[in-house]
Amino acid sequence: MDKLAPNAALAVKTLPDAQTVTSVRHWTDRLFSFRVTRPQSLRFRSGEFVMIGLLDDRGKPLLRAYSIASPSWDEELEFYSIKVPDGPLTSRLQHIRPGDEIILRPKPVGTLVLDALLPGRRLWFLATGTGIAPFASLMRDPETYEKFEQVVMMHTCRTVSEMEYGRQLVEGLRDDPLIGEFVGDKLKYYPTTTREDFHQMGRITDNLASGKVFADLGIQPMDREHDRAMVCGSLAFNHDVKAVLEGFGLREGANSEPQEYVVEKAFVGDGI
Ligand code: FAD
Ligand code: A2P
């Protein structure tokens, strides 16, 4: 399988949208992150996604949507990826190494942007699995902390090791020379597992609906006047969390019509 990656990467060099991989980190056997060079002309809003990929066996671009995990001010672009066994793209992409090239279409889009929310006091980032990627971008953007007094990052995975990327990112923020002063003590991190013992457990939907997260963090329950939310997970998660947010009185918005919360799929394919 490994032999496909260098070939695919070499072939990409002939395309105008090729970018060079600068670093790769494997977090588990199912998760990895990597950084690539940033096209000089690429402007994006933190939270947006682009299409990235490799050439397939017939030399055609094989592209998938990926949230940009780095903030809009970063010189490089970071991505956080699943490794789907037999997945057309990720069965190859997981083998990239520094110096390889990938295709990156420089047309960022998406609803998880600060502009799609009405002004508020507190911002909630609600993610499962790789759904944390757009928030890895937004958590590193000074504008997030300029616009909101408090930011709560809820991230839920089945196991503890699946949360390591997010944990290290959040823990590094306060001491980060570039973003640390903006973050201060505004960011509250609430990671939970559902299938392995951890000091905090449970689904995001349950922890919001029961009020457990408010009690644990010592904060007021959500309300429409003060709270704004961004959601990124599986279709089932997005569906269920929307119902919980609506229960607190929040309404779904979009770029064209800002409201109290916005939603994006972390991936397609689990029905509903
Ligand atoms: P695919 O044929 O695309 O997927 C095969 C199956 O694997 C899917 O049916 C689904 O059941 C499962 N799957 C796919 N992606 C995931 C995932 N991320 N987590 C859990 N199960 C999954 N993926 C990322 O890893 N990181 C991202 O930042 C990211 N951002 C996305 C943003 C948007 C708006 C969308 C729509 C998708 C995003 N995805 C992201 C999913 C990504 O587009 C691909 O599906 C993924 O890279 C797998 O590609 P593949 O060709 O190997 O398998
Ligand atoms: P659970 O273990 O209880 O299913 P997955 O790996 O299946 O995408 O799930 C990632 C995380 O999201 C898991 O912790 C899972 O909890 C949780 N999750 C999955 N579906 C939902 C849902 N509909 N509502 C809330 N949490 C969900």
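The structure is a predicted model, in which local features need pLDDT of at least 70, side-chain atom pairs count only at pLDDT 80 or more, and totals for chains, interfaces and linings use all residues. Residues are numbered from 1 along each chain as its sequence is written, and side-chain values use heavy atoms, with hydrogens and water left out.

Begin by selecting residues 8-109, which form domain 1, and colour residues 114-263 separately as domain 2; these bounds come from an automatic or database domain assignment. The C-alpha centres of the two domains lie 25 Å apart.

Next, display the residues where the domains meet: 21 from domain 1 are in contact with 19 from domain 2, contact being heavy atoms within 4.5 Å. Together the domains bury about 1,600 Å², 57% of it on carbon and sulfur atoms. Buried area is the accessible area (1.4 Å probe) that two parts lose on being put together, summed over both.

Now select Trp27, Trp73 and Tyr80, which supply 36% of the area that domain 1 buries against domain 2, more than any other three residues.

Then show the side chains of Arg140 and Glu78, which are joined by a salt bridge of 3.1 Å, N to O.

Finally, highlight β2 (31-37) and β5 (76-82), the elements that give two or more residues to the side of domain 1 touching domain 2. Strands here are DSSP runs (E, at least two residues), numbered from the N terminus. β5 gives the most to that side, with four residues.

Technical notes
Chains lettered and ligands numbered in written order. Salt bridge = Lys/Arg side-chain N within 4 Å of Asp/Glu carboxyl O.
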